[in-house]
Amino acid sequence: MPDDKATQKLLYPLPGYNFQVTIDSDSASFVEVAGLASEYETVTYRHGFSRWEGEDVTRFPKRSHSTVTLKKGVMRGGNFLSQWLTADPPSARAVAISLCDEAGAPVVVWHVKEAIPVKLAAPGFDVNGTQIAVETIDLLASGISVEYL
């Protein structure tokens, strides 16, 4: 017997194209978000007497976060992002990337803590091209967490 519609909705994977980005309290449209990753590296520690006592090694987990990359279409007049990117030095801001359902309601939210822009790349220009102009913004994060709603 097939599952009912509500059960199918809960079990079906969400498409990756329906997302929204919020920086502090301002929403912005982006064409791509990449680099949302948080991982643990292992730091190995050997104390001063390990040579005489044998291979007594202690390993500590060290959390590291990758650079979050946002791609956005270039528009006339700029927006609140241009003020943030040109500030010297830029302030740390909270960024939330929400994966949404078909109604536009957030289902999964990745919270990027204390994001600071570290790179702004202009789009490539080609007289023969027909693509839109897309700029790339790289953010350095002090933490990434996931919230399932």
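Which side chains meet in a salt bridge at 3.8 Å, N to O? Let's look at that pair first, in this predicted model.

**View 1. The side chains of Lys71 and Glu32 meet in a salt bridge.** Their N to O distance is 3.8 Å. Lys71 sits in strand E6 and Glu32 in strand E3 (residues 32–34), so the contact ties together parts that are 39 residues apart in sequence. Lys71 is partly exposed, at 28% relative accessibility, and Glu32 is partly exposed too, at 36%.

**View 2. Arg93 and Asp24 join their side chains in a salt bridge.** Here the N to O distance is 3.7 Å. Arg93 belongs to strand E7 (residues 93–100), while Asp24 lies in the loop between strand E1 (19–23) and strand E2 (26–28), so this pair links parts 69 residues apart in sequence. Asp24 has a relative accessible area of 44%, which makes it partly exposed. The structure holds two salt bridges.

**View 3. The largest pocket has a volume of about 380 Å³.** It is lined by 14 residues, and Lys9, Tyr12, Leu14, Asp101 and Glu102 are the closest to its centre. Helix H1 (residues 5–11) provides the largest share of the lining, four residues. By type, the lining divides into eight nonpolar, two polar and four charged residues.

**View 4. The second largest pocket has a volume of about 170 Å³.** Among its 13 lining residues, Met75, Gly78, Asn79, Ser82 and Glu135 lie nearest the centre. Strand E6 (68–73), helix H3 (80–86) and strand E9 (134–140) each give two or more residues to this lining, with H3 giving the most, four. The lining comprises six nonpolar, five polar and two charged residues.

Note on methods: Residues are numbered from 1 along each chain as its sequence is written. This is a predicted model: local features need pLDDT of at least 70, side-chain atom pairs count only at pLDDT 80 or more; totals for chains, interfaces and linings use all residues. Side-chain values use heavy atoms; hydrogens and water are left out. On a 1 Å grid over the protein atoms alone, a cavity is a set of points where a 1.4 Å probe fits but cannot get out, and a pocket is an open set with protein on both sides within 12 Å along at least five of seven lines; lining residues have an atom within 4 Å of a point. Grid points are joined across faces, edges and corners, and a volume is the space filled by probe spheres set on the points. Ala, Val, Leu, Ile, Met, Phe, Trp, Tyr, Cys and Pro count as nonpolar, Asp, Glu, Lys and Arg as charged, and the others, Gly among them, as polar. A salt bridge is a side-chain nitrogen of Lys or Arg within 4 Å of a carboxyl oxygen of Asp or Glu. Buried means under 20% relative accessible area, exposed over 50%, partly exposed in between (1.4 Å probe, protein chains only).
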